[in-house]
Amino acid sequence: MKKNLTLLPAILLTTWLGCGGNQEATAPANTGVNGENAEKTKGIIAYTPQTLSNPFFSVIGDHIRAEAEKNGYEILIVDPDYDVKKQSDQIDDFIAKNVTAIVLVPCDRLSVGPAVQAANKAGIPVFTVDAKCAADGVKIEGHVGTDNFQGGELAGKAMIDALGEKGGKVLILDLKRAHSCVLRVDGFKKVINAHNKEADGKVEIVSELDGNGDRTKGYQSTADALQAHEDLDAIFAINDPSALGAYTAVKEANREAKIKIIGFDGQLDGKQAIKDGKIYADPIQHPDKMGKQIVQLVIKYQAGESFEPETLIPATLYTKAEADQDPELK
Amino acid sequence: MKNLDTGKLLSDYGNVLVLLLLCVVISVVTLEEQSPRSTAAAENLAAIIVGDAGKDANILILVRRGEGQQEFANTLKNTLSKAGLNVTDTVVGTPADARAALGKQTEALDVIATDEHMAAFCLEQLPNLSKKYPTLANTTAYQPKKHLWPNFLKKENLLNVLKQISVVAIIAIGMTMVIITAGIDLSVGSLIAFSGVITALSIQQLSGGADPTTGHLVLGCAAGILVCALIGMGTGGLVTLFNIPAFIVTLGVMFIAKGLAFIFSQSAPIPIANEGFAWLGRGSDLMGLPNSVVLMLLLYGIAHVIMTHTSIGRYIYAVGGNPEAARLSGVPVKWVLVFVYTLCGLLAGLGGVMEASLHITGDPKSGTLVELQVIAAVVVGGTSLAGGQGKIFGTLVGALIIGVIRNGMNLTGVEAHMQSVVYGVVILIAVMVDQLKNRAQKTN
């Protein structure tokens, strides 16, 4: 009895590791084989994002998988769950596995550096998606990200459009520790400042608060701002969760008829909120394109072709008109 | 009688058995074709090429850059040249370098000798390139013969596993002692972050913004470790003087240390401007063993001696078994408790320094939930939360079990939330086994 119990974890693991092998993709047979000792698959592309619980990163992962398998690569996806230590361990595991290329969304743009250096030393090319690695002495072969500054400009234009000729008072919910979100606010302000020089109906930024990129803090900061500014007209939040948190606070204060909210990202619940009229508009990112293009960079690298090391994918504006046409939404 | 012996054997070494079984299972599921990269493999490959291509053949050597790759290429080159073949060029580099080298061939190229990665490149690119460059029309690519071997059992991977558990395992030494006294320390995860931040800040202060010297690094580490030892001492003091349950005291310390780590670092990771700081976390000096692993094994050896051959070791067991009886027989119960919490804090501080060294950064976010991994390692290692029982090497085995499972799941690509479920199941089973074991011992 005791012996059986001791064995249980191992038995459990056997069954479950057996099921976990779904990442072993079968590569299509290659044609034009030149040489009898030639390979059958082109190798493994390994992907470690910040987390897979955020749909943004899992959509990138899905498209990396699809594009990689289409081109004859195997794909290995792991989830560090925002923990840079776990992510570094995963990169070490990739190196031990001698993968063909590593695609990375750094959990921390500095701390991940030594792990990337280890991959560099092993000769494995490293690519980044969405967020960059800013550590010293690392070699990143390619990067695909969103043009966050241009996305911020789109948000600024949408804001001017939403407020109309009279202009109005705006609250910004930012996330200063994320470089991408700082760029969004910079782009937003550039458009607003240019507008204020020419137009009569000025758009005045009355407050910039930390929204922490989540609903809880977005709600709290907005609730405070609503107390301080009785005449607030609009809110720009740097992502959907904080925009939705802001909406909750606005609704609680019964001011949803007057206050317009602009978010960012275009996650599913953000899009739904736009359709329901809770959010005015979102500059949206395109994780599908990001996943596809990063694999294209890997393929070009592997083929020894020259390529532009950085691709920025423009954000596009998503309003109620687009939401009404969107088959994804209820 | 015989029955009793196997029972004892199983209860003493049951988790070693589980560890071995896990290794076997993971070896089987990570079995994969491997392309050898040794110099012997290069010699074999050269022999095959010489046999197939004959003398006077033109050969290009293409190998992906990386550690040890230059030797592989050189061995190929020397062996082939010795056999009289004409090596036109040797490239250790990126696919772009390979493409350039192929374009530069002036005479008809007969053979490309490659490693696994460049073989994939040749397979893909040769058909097109041969249209562009007539010199490549009759070129054949060769790579070393593949063999089946588990990814898990590769030397680099096994060293990875040891390296990855080293922080948790080292802190688990202190935690084992704390738990044997029937206590608990929830603050160790936060102390990792706190120690890392204090170390990084001390180094910054000591070097005055300039490049820190090795002396600055050592002093900084000492500061981080010492501060955490003092915090541990404070914890022990609160537990003994005010008789507050360890769970509550360490819960409080956990929040305080985490908060202070963020305040002192102003919520941003603090980089350490000297690559030499990575020595402890990423270096490997002794026979290829990572320094963190050597340190771990050394500390386990010392801890084992302390627990089995010294009076303080016996006191720790006595306090956990029955504090009142221990006090009456002259054991300084309070000092023993202060000692174990101080040691636990000190080791957590050391863990924080190792973590900071791994990333060359003092990061206030590091160490999150590590306390639970440490407790899990201790429990899986067979130490009873009721106190009085437990073995230091059992904890090492517990840490290994957790590390091996994690590594196995990463190598096969199991997603993070499923990993969490598996950890939970393993911990529950370990505790169940522990309970049944105790019951069996009582009835015997």
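**View 1. Helix 6 of chain A gives the most to the lining of the largest pocket, with 5 residues.** The model is predicted: local features need pLDDT of at least 70, side-chain atom pairs count only at pLDDT 80 or more, and totals for chains, interfaces and linings use all residues. Residues are numbered from 1 along each chain as written, chains are lettered from A and ligands numbered from 1 in written order, and side-chain values use heavy atoms, without hydrogens and water. The pocket holds about 1600 Å³ of space. Of its 48 lining residues, Q50(A), L175(A), R177(A), A178(A) and S180(A) are the closest to the centre. Elements that each supply at least two lining residues include helix 2 (55–70), strand 5 (142–147) and strand 11 (310–314) of chain A. By class, the lining has 21 nonpolar, 14 polar and 13 charged residues. (Pocket: on a 1 Å grid over the protein atoms alone, an open set of points with protein on both sides within 12 Å along at least five of seven lines; a cavity is a set where a 1.4 Å probe fits but cannot get out; lining residues have an atom within 4 Å of a point. Volume is the space filled by probe spheres set on the points, which are joined across faces, edges and corners. Helices, H or I of at least four residues, and strands, E of at least two, are DSSP runs numbered from the N terminus. Ala, Val, Leu, Ile, Met, Phe, Trp, Tyr, Cys and Pro count as nonpolar, Asp, Glu, Lys and Arg as charged, the others, Gly among them, as polar.)

**View 2. The largest cavity is lined by residues of chains A and B.** Its volume is about 90 Å³. The model has 4 cavities of 30 Å³ or more. K85(A) and D89(A) are among the lining residues, as are K163(B), Q164(B) and M354(B). Helix 6 of chain B provides the largest share, 4 residues. The lining counts 3 nonpolar, 4 polar and 4 charged residues.

**View 3. The second largest cavity has a volume of about 60 Å³.** Its lining includes K42(A), Y73(A), F121(B) and E124(B). Helix 10 (287–302) of chain A and helix 5 (116–132) of chain B each supply at least two residues. Helix 5 of chain B gives the largest share, 4 residues.

**View 4. D92(A) forms a salt bridge with K163(B).** The closest N and O atoms are 3.8 Å apart. D92(A) lies in helix 3 of chain A and K163(B) in helix 6 of chain B, so the pair joins two chains. Both residues are buried. (Salt bridge: a side-chain nitrogen of Lys or Arg within 4 Å of a carboxyl oxygen of Asp or Glu. Buried: under 20% relative accessible area; exposed: over 50%; partly exposed: in between; 1.4 Å probe, protein chains only.)

**View 5. E67(B) and K121(A) meet in a salt bridge, 3.2 Å from N to O.** The pair crosses between chains, with K121(A) in helix 4 (residues 113–121) of chain A. E67(B) and K121(A) are both exposed.

**View 6. D174(A) and K176(A) meet in a salt bridge, 3.1 Å from N to O.** D174(A) is buried because its relative accessibility is 5%. K176(A), at 60%, is exposed.
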